[in-house]
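Here's a quick briefing to read alongside the model.

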Amino acid sequence: MAEAVLCTLNTRLDSSMIDDLLKHSEAKIIFVDQQLLQVAQGALSLLSKDKTIKPPILVLIPESENFAPPVSETYNIHEYENLLASGSSNFTIRWPKTEFDPISTNYTSGTTSPAKGVVYNHRGAYLNTIAIFLTQGMGPMPTYLWTLPMFHCNGWCMNWGMAELGGTNICLRKPLSHKVEIMTGGSPLPPQIISKMEELGFGVTHGYGLTETYSAATTCLWKPEWDSLPLEERAALKARQGC
C-alpha cells in the first residue's frame, strides 16, 4: 500500500554479498532481525564507502523475549515498534497502476555464482499464490511453520497465501526441545550443512530416487557404530547416504 517493491534477502549470506544486493536493488529501507544486526551493519558499512549511494534506513526488529534497549534514531537506524507508532492512520494508499507493476525483486541464493535478480509482478504473484495453497490442500486459517526460506520466490509465494487464507505464520530461531527427523532428496547436502542442522537438533537422512522408481530408491541405513564418530565424519557419511 506504499507502492514499494519487496525484496527478501538470504539470511545466510555474508555482509559483502548483502552489500552487493543492496546496491543492485537500490533498497531504501532494510528491516533487520536483531540476530542479524551485525551482518546488516557490516553491509551498510561497505555500502557507505561509495559516496554516490545513499544507504537505506535500517529498521531493527528486536527479539520478543529479550527486548533490546531503545535504539538511537540517528545514523538512519530506527526501532520497529517506535517507527510504527510514528505513522499516521490517515495515509493515502498508493495503488499499483496496472497488475503488471512490480511487487517484488527476488534474488537467487548466490551460493554457486553471483546472485541473479528476478522481478515479480502483481498478477503473477496473485495467480501463483492461489495455485500454491490449492495444490497444497490448505484450508482457511491454517498454521504454517516456515522451513522454506522466504528469499526463495517469496517463500513460494506462501507469505501472501497465508495472508489470503487468514493463517498464522510460525518462525523459529532456536532448535525445538526434541529431535526432529528429516528426510531430504535430490542433490546431496554438503556435509557442512548437515552438521549444522544436527547441531540445531535435526536428524538428517539423505535418500535418492526417481519419479520412475516411486520416490526414494536407494538409501544407506545408519549404523549404530557411526554415532561415536566426530560430527564432521558423521556429516560426510550422511552426505553419501543416497549416492
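What follows is a short tour, from the whole chain down to single residues.

This is a predicted model, where local features need pLDDT of at least 70, side-chain atom pairs count only at pLDDT 80 or more, and totals for chains, interfaces and linings use all residues. Residues are numbered from 1 along each chain as its sequence is written, and side-chain values use heavy atoms, with hydrogens and water left out.

**The whole chain**

- The chain has 8 helices and 11 strands; these are DSSP runs (H or I of at least four residues for helices, E of at least two for strands), numbered from the N terminus.
- Taken along the principal axes, the C-alpha atoms fill a box of roughly 65 × 40 × 35 Å.
- Out of 243 residues, 27% are buried (buried is under 20% relative accessible area, exposed is over 50%, and partly exposed is in between, with a 1.4 Å probe and protein chains only).
- The accessible surface is about 16300 Å², and carbon and sulfur atoms account for 59% of that (Shrake-Rupley method, 1.4 Å probe; for residues, only the protein chains shown count as cover).
- Take the contacts between residues at least 6 apart in sequence: 53% of them join residues at least 24 apart, where contact means heavy atoms within 4.5 Å.

**Helix 2**

- Helix 2 covers residues 37-47, and its buried residues are Ala40, Ala43, Leu44 and Leu47.
- These residues sit on the same side of helix 2 because they cover an arc of only 95° around the axis (the arc is that of the directions from the helix axis to the C-beta atoms).
- As background, an α-helix has 3.6 residues a turn, so residues three or four places apart point the same way.
- The packing partners of the buried residues of helix 2 are helix 1 (15-25), strand 1 (29-33) and strand 2 (57-61).

**Cavity and pocket**

- On a 1 Å grid over the protein atoms alone, a cavity is a set of points where a 1.4 Å probe fits but cannot get out, while a pocket is an open set with protein on both sides within 12 Å along at least five of seven lines; lining residues have an atom within 4 Å of a point.
- Grid points are joined across faces, edges and corners, and a volume is the space filled by probe spheres set on the points.
- The count comes to 1 cavity of 30 Å³ or more, and the largest cavity holds about 30 Å³ of space.
- Among the residues lining the largest cavity are Leu9, Leu13, Tyr107 and Phe151; by class the lining has 5 nonpolar, 3 polar and no charged residues.
- For these classes, Ala, Val, Leu, Ile, Met, Phe, Trp, Tyr, Cys and Pro count as nonpolar, Asp, Glu, Lys and Arg as charged, and the others, Gly among them, as polar.
- The second largest pocket has a volume of about 160 Å³, and its lining splits into 2 nonpolar, 3 polar and 6 charged residues.
- Its lining includes Lys179, Glu181, Trp222 and Arg234, and strand 9 gives the largest share, 3 residues.

**Single residues worth a click**

- Most residues other than glycine have a negative phi.
- Glu26 has a positive phi of about 55°; Glu26 lies in the loop between helix 1 and strand 1 and is exposed at 58% relative accessibility.
- Met141 has a positive phi of about 50°; Met141 lies in the loop between helix 4 (122-135) and strand 6 (143-145) and is exposed at 65%.
- Pro191 lies in helix 7 (residues 191-199) and is partly exposed at 31%.
- Leaving aside neighbours within four places in sequence, Pro191 is in contact with Ala235, Ala236 and Ala239.
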